[in-house]
Amino acid sequence: MRDLKGPIGIAVAVWLAAMAALHFYFTGFGFPEPLKLASLHLMFAVPPIFLLYPAFKTSPRHRPSIVDGIFAVAAFLPSLYIYLDPGRVYDRSAFIDPPTLLETVLGTILVVLILEAVRRALSIALSILTGLVILYMFICDLLPGVWYYRDLPYNQIIDVLYLMNGSGLYGQLTGISATIVAAFLVFGAFLQTSGMGRLFMHLGTFLAGRYKGGPAKVVVVESGLFGMTSGSSVANVVVTGSVTIPEMKRMGFPPAMAGGIEAAASVGGLIMPPIMGAAAFVMAEMISVPYVDIISAAFIGAVLYYLGIFVAVHFQSKRLGIASLPKHEIATFRDVLVDVHFVIPIVVLLTLMTMHFSPYFSAFWATVAVVVSAWLRTHTRMGPVKIWTALVNAGRTICVIAVAVTAAGIITAALTNTGLLLAFTGIIKGLAGDSLFLLVVLVAISCLFLGMGVPTTPAYIITAAIGAPIIAEHGVAPLLSIHLFVLYFAVLADATPPVAAASYAAAAIARANPIMTGFHAFRMAVGGFIVGISFIYEPAITLDGSLYEIVTATAAIASGIVLISLGYVGYTDGRLPFWLRGLLIVAGIGCALLHEVPELYRALFGFALVATVIFGGRRYFAAMAEREPTSELRNEA
């Protein structure tokens, strides 16, 4: 991203701050009609991308080029046309009233510029995927079998992507981006600018710094907390990892492992309530479930995910002989209390959502509470400069998320209107047959594949459109559990090799091999894969069941995750043999996922095996240590 200076930098900053302020105003005082809101959203969000993000590595880094300026103006005009005359879209009949020449030109320009904006700001993979789906609309009548669809004239393609009410560029997804997502991005930006990160850092060192492997355990706590407000695993890695990865390396962690721990912990921030990533807000609208129900359902899964990372970090630290943080680096309870007033905005948010106010209205008052609570202590007060910085940062993030969600809107509009969605579902159904497990695996692989280089939100949207309805047909899990399953695998793609955005960012900071860093992140995040599949087979972990079912299901999955973590680390008080490590991994998968066996039996067996390995191993390795001096004396004799 460019670091713009001078008049252009000021102008872009004013534009971004104004956009964030306008969206913030809407969340508190009401939104305009959907089409005007969506067009206004893109009218503000797309142009700055071309000024902030260079086209190529050789492009100017501190100023936009003339071409960038032309693209920015061109990206503004199509949405301005819709905003000034929404009645034109409302009153016309799609596929019957042909677009005018001006509408055809404007629609073409905006679609092409969205592809370029996605390539610059996000990922060439998402840009190519969107382009391929658009290409399909041109050639669908030439393809055989399930890929065939009738000939689509160019004006009908423009209809689908640009002018059809509720679809394409100005459809439901763009509306979600302009309402709930924008509201929480503003809230998150204010939290970060206010200094709440300091509370997370102090809380992390206070809770975990004094234990074995302290630096890595602090990373797990801090990244999970910070990730709630950042909404991006890569942003989380860059912000927290720049401090935590060098600290882990200093304490003795290998560079690739330090990066992997940070990547896995950062990815988890997007599934950690009460403020999850943008995809969770999209989910709330897609399945018409209150956001407070989503965060309640996601809580146990997030705890289990971080349990796996904690167990792995603990025994990896023992294996490497890494101790706790030095005493002077561990925050005291007094340090935590200095910033504890930042809990107030979170309490306000949760209270309002529990009272069934809308998420964006709740986010509005929670943002107000950030500014008010910051004034409770002198060192955290938010004056005009900090508020300005928060608005600019929020505007910058809104731009990136807006083009990502808009690209997903283009894909889903094309999939739906050409029948390609049915083709994909038919292929997955055909491969899975009557096997629910194979179907779940295929959908999970699709999520991971789409998530390779594609941001979490569009990856979730596309896969949910394809895979969630097929799984729902089996009637084995509630719709919320199915969508949480899809969300988990879309999120975990950021830590899964060979293309893992969070792992690559962590590897750059750690100066480590990206593939090895991704491998360590994948191992650390293994609990997330188990939890994701468990959403289908054990809906009780979403609090959908009796207290007994919730406790036993949680215990069974927890025991499985601990066993798997022990198996791949291969160390307790000494190095475990390979046969035992393999046995632990297999037993862990069985305890977590073998749903034919009652949860209570799996939990009891799993924790009994954990206790046997840890305490039995402690005795065994202690006995071996006592024998070593005797053996040395015999050798000397």
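Q: Hi! Is Lys429 buried, exposed or partly exposed?
A: Lys429 counts as partly exposed, at 37% relative accessibility. Keep in mind that this is a predicted model.

Q: Which residue does Lys429 form a salt bridge with?
A: That would be Glu473, and the closest N and O atoms are 3.0 Å apart. Glu473 sits in helix H22 and Lys429 in helix H20, so the bridge ties together parts 44 residues apart in sequence. Glu473 itself is exposed, with a relative accessible area of 55%.

Q: And what about Glu103, buried or exposed?
A: Glu103 is buried, at 0% relative accessibility. Its salt bridge goes to Arg88, with 2.6 Å between the closest N and O atoms. Glu103 belongs to helix H6 and Arg88 to helix H5, 15 residues apart. Arg88 is partly exposed at 23%.

Q: How many salt bridges are there, by the way?
A: The count comes to ten. Some form a network, which links Arg2, Asp68, Glu116, Arg119 and Arg120.

Q: Switching topic: how much space lies in the second largest pocket?
A: About 620 Å³. The pocket is lined by 24 residues, and Leu129, Phe424, Phe449, Leu450 and Ile466 lie nearest its centre.

Q: Which helix gives the largest share of that lining?
A: H7 does, with six residues. Other helices that each supply at least two include H19, H20, H21 and H22.

Q: How many of the lining residues are nonpolar, polar or charged?
A: The lining has 22 nonpolar residues, two polar ones and no charged ones.

Methods: Residues are numbered from 1 along each chain as its sequence is written. This is a predicted model: local features need pLDDT of at least 70, side-chain atom pairs count only at pLDDT 80 or more; totals for chains, interfaces and linings use all residues. Side-chain values use heavy atoms; hydrogens and water are left out. On a 1 Å grid over the protein atoms alone, a cavity is a set of points where a 1.4 Å probe fits but cannot get out, and a pocket is an open set with protein on both sides within 12 Å along at least five of seven lines; lining residues have an atom within 4 Å of a point. Grid points are joined across faces, edges and corners, and a volume is the space filled by probe spheres set on the points. Helices (H or I, at least four residues) and strands (E, at least two) are DSSP runs, numbered from the N terminus. Ala, Val, Leu, Ile, Met, Phe, Trp, Tyr, Cys and Pro count as nonpolar, Asp, Glu, Lys and Arg as charged, and the others, Gly among them, as polar. A salt bridge is a side-chain nitrogen of Lys or Arg within 4 Å of a carboxyl oxygen of Asp or Glu. Buried means under 20% relative accessible area, exposed over 50%, partly exposed in between (1.4 Å probe, protein chains only).
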